[in-house]
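Morning, everyone. I have one structure to walk through today.

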Amino acid sequence: MRLHRLEIEGFGPFRSRQSVDFDAFADDGIFLIAGRTGAGKSSILDAVCFALYGSVPRYEGGEKRLRSDHCEPDDLSEVVVEFSTTSGRYRVTRSPEYMRPAKRGGGLTKQASGVQLEVLEPSDFDQGTWVTLAAKEKRVADELDEILQLSREQFLQVILLAQNRFARFLLADSKERQGLLRRLFGTERFEDVQARFDDRRRASENALAGVFATVGARLGEAERVATAAELWGESDSATDPASTEERITALRAALTRAEYRVERRGAERDDAEKSLSIADAALTAARDDAKAQQERDRARAALTSLESAQPEIDAARLALQRARAAETLRATIAATTRAETARDAAAVAETLARGEWDAAGIELEALSIESLETWAADRTRESGSWEHAAKLEQGAAALAGELADAQGQVAAASALVDSGETEHAELPARLNELTEQRDVARRGADRVDDLARARASAATRRDAAMAFATASEVLEKNERALAEASMALADAQTALAQLRRRRLDGFAGELATALVSGEPCAVCGSTEHPAPAEHSDPVSAEDIDAAEVVRDVAQAAEREIQDQVSSAKAEVAAAKALAEGRALAEAEAEVAAATRSHADAVAAADRLAALQTQVAQATDAIAMLDQKRTESAAALAAAREALALVTQRQQQATEQVAQARGEFETVAERIAEVAGQVSSARALAAAIAEVTRSEKIFIEAKGEQDAALAASDFDDASAAGEAMRSTAEQEAIDARINAHSVQREKERATLLDLELRTLPEDPIDLAPTEQAAAEARTAWKAAVDAAGRAATTAEQLASLIESAASEYARSAAQQAEHEVLRGLADTVAGRAGNTHKMTLETFVLAAELEEIVEAANRRLGDMSTGRYQLQHSDALASRGAASGLGIVVFDAFTGQTRPAQSLSGGETFLSSLALALGLAEVVTARAGGIQLDTLFIDEGFGSLDADTLEVAMRTLDELRSGGRTVGVISHVESMQEQIPAQLVVEQTAAGPSRIATGH
């Protein structure tokens, strides 16, 4: 990972935007972050950590003072970091949560935190385009986990080596060092392994106890089954024998008797089944004969009925033959009928048309088709000349409207001229009145801002008074809830203590349930158990666990309510201060009065603009009045001229309509009359032509029909029509004939087969045979039930005996397996024979620590000129702490090891630096071998003497190999002389800090 650019604004000591270009130090490889103490050098590293992970370690546990105290309410607070990994170049923009001015209503409101992650997409035309990957905190965190491959703890340990982190890891005790290593290497999973081993051990204990209980329960059930089935012999007993083996032996003897009973009941069932088969066969044969007898009688009756219907079938066959012969004449007869119908209809139509023509009262010399068509054409041409007059007649109302409009325009123009004269006399007085109203409104509008501030202050006090009342109610409710939660917690703790006491008291009873007569006790080894403890009130480990969960839930609930009480108290105090001692009623009255005053001022301001506009309009109206009077006179002259033109058009239209109307009321009525006469003439001509055509068609069709009848077996068309049948009727007749023939042959065949069986004529009686079959079936069911009960008893008894015997045999192997599992769980948890009290997680961390110490010694030997080496110690820790995580220092000058706390300040720094760099190497390797191209070291170089400082500088110089850039935070002057590339953090006279770059 390599950092490229950092931008800080409104963060820590920086108010205005500060930019840091880390790429500018790539050639130097090492640069110094210098400045006076308190100027904000470490805040640069805080900004990097905040941008990438959303938090700053040194502010955790207290107030998160991320926003700069120098910021004004409207100032922005954000940090921007650009970095790259092997997967690409990225930019993170993050802002903290802070208070800003509200956009409405005044006061402050909370500005939520924000974050955005972008990736630089390459382009062929420019340096690339930033594309958003995520803009939600959870999504950004997930993306950064995948990109960085380092947790925040790992990032702080391998990239941002902040103050006190060197010596903290070196001088920490085993417990603190374990916590740090656990966060760096994520070994919580080994704690889960330990917990799972403990769970398996407890489950094994419960399972082993359950096996013994299961064996006893299954033997008891088997004995109950044997007793119920009366399977005990003369020497057997249904009571419990002395040992489990004897009980199993007695039960196996009972099982032998049960199996013999199964064989005997099976033989009885087979005999009953044979008898049932014989009786069922006899019943089936008798039923078949009775059914055949009924079928014979039915066939005789059916054949008699079919023979009697034969005359009807013969008549139907003759009718079908005549219908098929008449079918050939159907088309010819139908055509003649249609032609005759058309001829008659044409004659009727001609009569009607002639009547309509006669009713019109028009006489022609010769009433023919040609004379009628000629007359209709002449009348049509004559009526065409009246169409224009008809349109003028229809538009008479519109023309009258135009005349009225023109007269109205003349009247309006005259009124406008008159009103102009009146306005010219009244306008100056109106201007004086509007000017006075405008001055009054201006004085009221000048107080809007002052009254708005007064109203806002009153509203703030009113809201605070309301919040005080609400918060007081919430506080009272939370205090009651806290008392109830405390009582619930006390009850849960009491119940847990009682369960633990009952658990301890019941251990003896639980062990007693597993005792077997004649077998050794798991506690004392005795084979006799004269007075086993009772297990009347058992409490399991699961009961204890459940009670602990209830206790933890109650404890968490009490803690949560306690936090709510504290928050409610703070809200009550804040609301009381903002209310300035006002009661709610008093504050509301102040708000109402201030609102009314402000509303009056706002209304005056609103009126002011309108009045100013009216004054300006009145002034302009006076200047434009003469021009309007001239325009009004011109408009009046134009309106009078338009009125004269419309009057002339109306007179011309009236003359044309009167000429075209003639003797009719309207021109349209005259045109309609002529159109009706023309229609009657044309209809009569068409009717005469249709009569001639239809008569010709009828004569032709009648000739074809007569020729066809002469060639057929029918005398006339009526006889052929009577013989005709529809297709469906013909098919139905044919189907009836065929069905009768088929059914008669079928009944004859059926009757022939039945007559050959020589069945008796009298009905067969089935009652005796059915009675015998029913008795055989009843006997068979009883035998089957008896055999089933015997088999079920034997199967149940065999299953219980086998299950109890196998469980009893398996208990020995399960006991041995449990011992192995218990030993392994104790070893993983650091109990029993684990002399170093090392848990599995501690063992893994000890291996990691060995590798860290080895990596640190590769630098410490050179830094201390071969004097010091760190050594991993697995000495037994005191007070129950985890062993195996100790670090001691080997001094080559004395040949002895000594605690790290005995080193001097400079020696501690060099050892801590070597250990931190070694830790960084191991953590980096565990994170997938990621490449670290940027490193920051924030440590107290001021405590080093010249020689030690030279050694430290030489080590830092080695770190920049391979293109790495190292940033060092220090105010030591000698380091400023040795490191020319610098970022200088300066505190300005106004307070905020700024960042300058120098070489």
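Start with arginine 461. It sits in helix 13, residues 448-512. One caution before going further: this is a predicted model.

Is arginine 461 buried or exposed? Its relative accessible area is 14%. The cut-off for buried is under 20%, so arginine 461 is buried.

What does its side chain meet there? The side chain of arginine 461 makes a polar contact with the side chain of glutamate 590, at 3.1 Å.

Now step back to the whole protein. It has 23 helices and 17 strands. There are 999 residues, and 36% of them are buried. Now the contacts between residues at least 6 apart in sequence. Of these, 74% join residues at least 24 apart.

Next, a helix pair. Packed helices in general are described by two things, the angle between their axes and the distance between the axes. Take helix 7, residues 244-308, and helix 19, residues 767-828. Their axes come within 7 Å. They cross at roughly 160°. The threshold for roughly antiparallel is over 145 degrees, so helix 7 and helix 19 are roughly antiparallel to each other. The crossing is left-handed. And who makes up this contact? The residues divide into 29 nonpolar, 4 polar and 11 charged.

On to helix 8, residues 310-326, and alanine 316 within it. Alanine 316 has 12% relative accessibility, so it counts as buried. Which residues does alanine 316 touch, not counting those up to four places away in sequence? Ile733 and Ile737. Look at the first of that pair. Alanine 316 and isoleucine 733 are 417 residues apart along the chain. Their C-alpha atoms are separated by 6.5 Å.

Last stop, a loop. Glutamate 230 lies between helix 6, 188-228, and helix 7. Glutamate 230 is not a glycine, yet its phi is positive, about 55°. As for accessibility, glutamate 230 is at 66%. Exposed means over 50%, so glutamate 230 counts as exposed.

Arginine 461 is buried. Alanine 316 is buried. Glutamate 230 is exposed. Happy to take questions.

Technical notes:
Residues are numbered from 1 along each chain as its sequence is written. This is a predicted model: local features need pLDDT of at least 70, side-chain atom pairs count only at pLDDT 80 or more; totals for chains, interfaces and linings use all residues. Side-chain values use heavy atoms; hydrogens and water are left out. Helices (H or I, at least four residues) and strands (E, at least two) are DSSP runs, numbered from the N terminus. Buried means under 20% relative accessible area, exposed over 50%, partly exposed in between (1.4 Å probe, protein chains only). A polar contact is a pair of N or O atoms within 3.5 Å; within protein, one must be able to donate a hydrogen and the other to accept it, and residues adjacent in sequence count only if both atoms are side-chain atoms. Axes are lines fitted to C-alpha atoms, for helices over the stretch in contact, and angles run from 0 to 180 degrees between N-to-C directions. Angles under 35 degrees count as roughly parallel, over 145 as roughly antiparallel, 65 to 115 as roughly perpendicular and the rest as oblique. A crossing is left-handed if the near helix is turned anticlockwise from the far one by less than a right angle, and right-handed if clockwise. Ala, Val, Leu, Ile, Met, Phe, Trp, Tyr, Cys and Pro count as nonpolar, Asp, Glu, Lys and Arg as charged, and the others, Gly among them, as polar. Contact means heavy atoms within 4.5 Å.
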